[in-house]
Every structure is written in structure tokens, then in C-alpha cells.
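I opened my notebook to go through this structure from the whole chain down to single residues. These are my entries.

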Amino acid sequence: SECVRVLGLLSGGSMGGYINASFLQRLKEARTEILLPMLNTSPNRDVIEILKERATAGIKVKILLPDYKNVVTKIRCGKEDVTYGWIEPLNDIENIEIKIYTHVEDASIYSSVIIDKSICRFCVFDYVREKSSNGTLIEISKNGYDLNLINIIIDYFNGIWMRSRPVYENKFFHLIKDKKVWLFIALLICLKIYFMTENAIQ
């Protein structure tokens, strides 16, 4: 009860805009880091301005956006691509990093936010069949505890971040940076050497 609050529907519902107002307030309160995973939500001008201000104040901001073709079209077919509404105003600002994720399952934590590794607003919903606005928003605050759920979500975000590509990085170049690709190439080379040698033991 000290650490977890159920805020209700992400859309705000009967709470008269409290959900959105409290989200903006949490962004303003950030002191070290903001982790923001998104799907294809249209950028809110107030959110953009707060992120700019926080970054200028030295707060690190990491934003995950989806690859439109590989993610958005498979979950929200027919919706236009709005990711550049985030990229254009934020991509060249110091302390703000944006990466593009390419796996559908990585969208499972979108419409959530992690503030200073101590507060997480997490949307609970079926990310493939439902819009996040139909999900239930919970807010977890550490309040002196080392909470497992916050740590799990941070680790999951970081895992997605590591395998995602910077906004303007070539997709092929990003692919060849993946260590699995080089392991596969090494395997092929080893197999070729093995079959080309006359002595199978060698």
C-alpha cells in the first residue's frame, strides 16, 4: 500500500484529466533519468517541451520508438506513422537519445515511463489486441524499498535499448553489429574449413 497505487484507465476516464496531469508532473520532477517507451502515440506538445527542459537541466532522457513497418503495421494496421513527430523536435538535443525497436514483443511496455529508477508508471493491457488507453495504469514508487517490479521493467527496457538502433543508423549496418551475425559467420567459416580438410579429425 505504501508503494503501489492503481490510478485507473490510462485514458483518464472519470478522473477528469488527472492521469495526464500527473504524468506531466512526474516528468517535471525527474532529477536524473527518464525512460520512455512508446508505440505510435502522437506527440503531445507539453510532453515535448518538458523533455526539452529536463534535458537542458542535465537529465538523461531515453526514448524508444517503434519501427513503423516491422512493429506498428502489425499491431495497429492502418494507422499513419507519427514517430517523426517525436524525432524531429528531440533528436538533436543534448542528453536526449532516441532509438528504434524492431520486434513486436518489445512494444509490450509502451505507454509506461520510468523516472529516476525509483518511480514507474506502468500500463497493464493486452498490447496486441488493445490500445493502451484501455489499460489500467499503476504507479510503483520505491519509497525506500528495492522493488522487484521496477527493477524488472528497467532491465527489460535496457534489453530493448541494447538491441535497438539509433534513429538514423542504416538498418544493414545495425544488423552487422549484432554479435549473433558474427557468430553465425564464424560458424560457417569453421564448417567450411572442416569439410575442406582431408583429415576429418583435423
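Among contacts in the protein chain between residues at least 6 apart in sequence, what percentage join residues at least 24 apart? I looked it up and got 70%. I note that this is a predicted model.

**Entry: whole chain**

I went through the secondary structure next. The protein chain has seven helices and eight strands. I then checked burial. Of its 202 residues, 42% count as buried. The chain exposes about 11,900 Å². Carbon and sulfur atoms supply 57% of that area.

**Entry: nonpolar cores**

In soluble globular proteins, nonpolar side chains tend to be buried together. I looked for such groups here. The largest nonpolar core has 29 residues. Those with the most contacts inside it are L39, Y101, A107, C120, F122 and I140. I asked which elements build this core. At least two residues each come from α3 (68–75), β6 (119–124), β7 (136–141) and α5 (148–163). The largest share is from α5, with six residues.

**Entry: L39**

I listed what L39 touches, leaving out residues up to four places away in sequence. The list is P66, V71, V72, I75, R76, T83, Y101, A107 and Y110. Two of these, Y101 and A107, are also named among the residues with the most contacts inside the largest core.

**Entry: I154**

I picked a residue in helix α5 and took I154. Is I154 buried or exposed? It counts as buried, because its relative accessibility is 6% and the cut-off for buried is under 20%. I checked its partners beyond four places in sequence and found I114 and K117. I also took the distance to C120.

**Entry: surface patch**

I turned to the outside. Which residues form a nonpolar patch on the surface? I noted F184, L187, L188, L191, Y194 and F195. Together they have about 640 Å² of accessible area. I looked at L188 on its own. It is found in helix α7, residues 179–196. Its relative accessible area is 43%, so L188 is partly exposed. Patch residues need over 30% relative accessible area, and L188 has 43%.

Definitions and conventions
Residues numbered from 1 in each chain as written. Predicted model: local features only at pLDDT ≥ 70, side-chain atom pairs only at ≥ 80, totals over all residues. Heavy atoms only, no water. Patch = residues over 30% accessible without salt bridge, like charges linked within 9 Å, V, L, I, M, F, W, Y side chains within 5 Å. Areas by Shrake-Rupley, 256 points an atom, 1.4 Å probe, with all protein chains shown as cover. Salt bridge = Lys/Arg side-chain N within 4 Å of Asp/Glu carboxyl O. Helix = DSSP H or I, 4+ residues; strand = E, 2+ residues; numbered from the N terminus. Buried < 20%, exposed > 50% of the residue type's maximum accessible area, 1.4 Å probe, protein only. Core = buried A, V, L, I, M, F, W, Y, C linked by side-chain atoms within 4.5 Å. Contact = heavy atoms within 4.5 Å.
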